[in-house]
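User: I have just opened this one and could use a quick tour. Can we go through it together?

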Amino acid sequence: MTGHHDHDHGGQEIPSATALRVKALESLLVEKGLVDPAALDAIIDSYENKVGPRHGARVVARAWTDPAYKARLLADGSNAIAEVGFPGSQRAHVAVVENTPSLHNLVVCTLCSCYPSSVLGLPPVWYKSSAYRSRAVIDPRGVLRDFGLTLDEGVAVRVWDSTAELRYLVLPERPAGTEGMDEDALTALVSRDAMIGTAKVATP
Ligand code: FE
């Protein structure tokens, strides 16, 4: 690996050779009646919104309930994530950044679409859009407002620019009212967007 662009750029305007081959294969399978495009969409939706982000949510919930784990996670994200047992988590380094009452973290890849796939699965379409990639840096508070998240003036916003070598995961604040919840119940609360930084974890 010698630079930022030595990886798959699913979000760029010009589709990669891999994307074109996948598209051609999908078209052929649909044409032959071998796959149902709606079923394919459901599978992709599952990876974007359910399977992938559940890994990250498990990591967050463990950090909320185990202070020693949280310390390891913030010190060395990749190894602490591997402790939870997700395959592929060693492929790219993941750094975990913690939200606090006075600091909110937001993750972007300004050049393309670098994303902590080992814990979040596939990136959402908006993450790869040029609008998000440029505005997240220029006007992060405006972007957050567009996502329905208005931060108090006293809260600092820090934007983290992911690369092929280092990707970021936000450790959101544990919401009030969850004191009695165990790791499984907490895992269910943590959304993908909260781990990108475009949302908070809502009080249940
Ligand atoms: Fe990228």
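Analyst: What follows is a short walk through the metal site, the aromatic rings, the core and one arginine.
Analyst: This is a predicted model, where local features need pLDDT of at least 70, side-chain atom pairs count only at pLDDT 80 or more, and totals for chains, interfaces and linings use all residues. Residues are numbered from 1 along each chain as its sequence is written, and side-chain values use heavy atoms, with hydrogens and water left out.

User: What coordinates the iron ion?
Analyst: Cys109 (SG), Cys112 (SG), Cys114 (N) and Cys114 (SG) do, at 2.0 to 2.8 Å. Donors here are N, O and S atoms within 2.8 Å of the metal (3.2 Å for Na, K and Ca); water is not among the atoms, so sites may look incomplete. Along the chain, the donors follow the spacing C-x2-C-x1-C.

User: Why is the arrangement irregular?
Analyst: The four donor atoms subtend angles of 76 to 139° around the iron ion, so the arrangement is irregular.

User: Is cysteine 114 buried or exposed?
Analyst: Cysteine 114 is buried, at 0% relative accessible area. Cysteine 112 is buried too, at 3%. Buried means under 20% relative accessible area, exposed over 50%, partly exposed in between (1.4 Å probe, protein chains only).

User: New topic. How many aromatic pairs are there?
Analyst: Seven. Rings of Phe, Tyr and Trp (its six-membered ring) pair if their centres lie within 6.5 Å; planes under 30 degrees apart count as stacked, over 60 as edge-to-face and the rest as tilted. Tyrosine 132 and phenylalanine 147 make an edge-to-face pair, because their ring centres are 6.4 Å apart and their planes at 80°.

User: Which residues form the aromatic cluster?
Analyst: Tyr115, Trp126, Tyr127, Tyr132 and Phe147. Tyrosine 132 is buried at 5% relative accessible area, while phenylalanine 147 is partly exposed at 31%.

User: And the largest nonpolar core, which members touch the most others?
Analyst: Leu73 and Tyr132, out of 43 residues. Such a core is a set of buried Ala, Val, Leu, Ile, Met, Phe, Trp, Tyr and Cys residues joined through side-chain atoms within 4.5 Å.

User: Last one. What does arginine 192 contact?
Analyst: Leaving aside neighbours within four places in sequence, arginine 192 is in contact (heavy atoms within 4.5 Å) with Glu48, Asn49, Pro53, Tyr115, Pro124 and Trp126. Arginine 192 is buried, at 14% relative accessible area.

Key. Four donors count as tetrahedral if all angles lie between 85 and 135 degrees; four count as square planar and six as octahedral if opposite donors are over 155 degrees apart and all others between 65 and 115; anything else is irregular.
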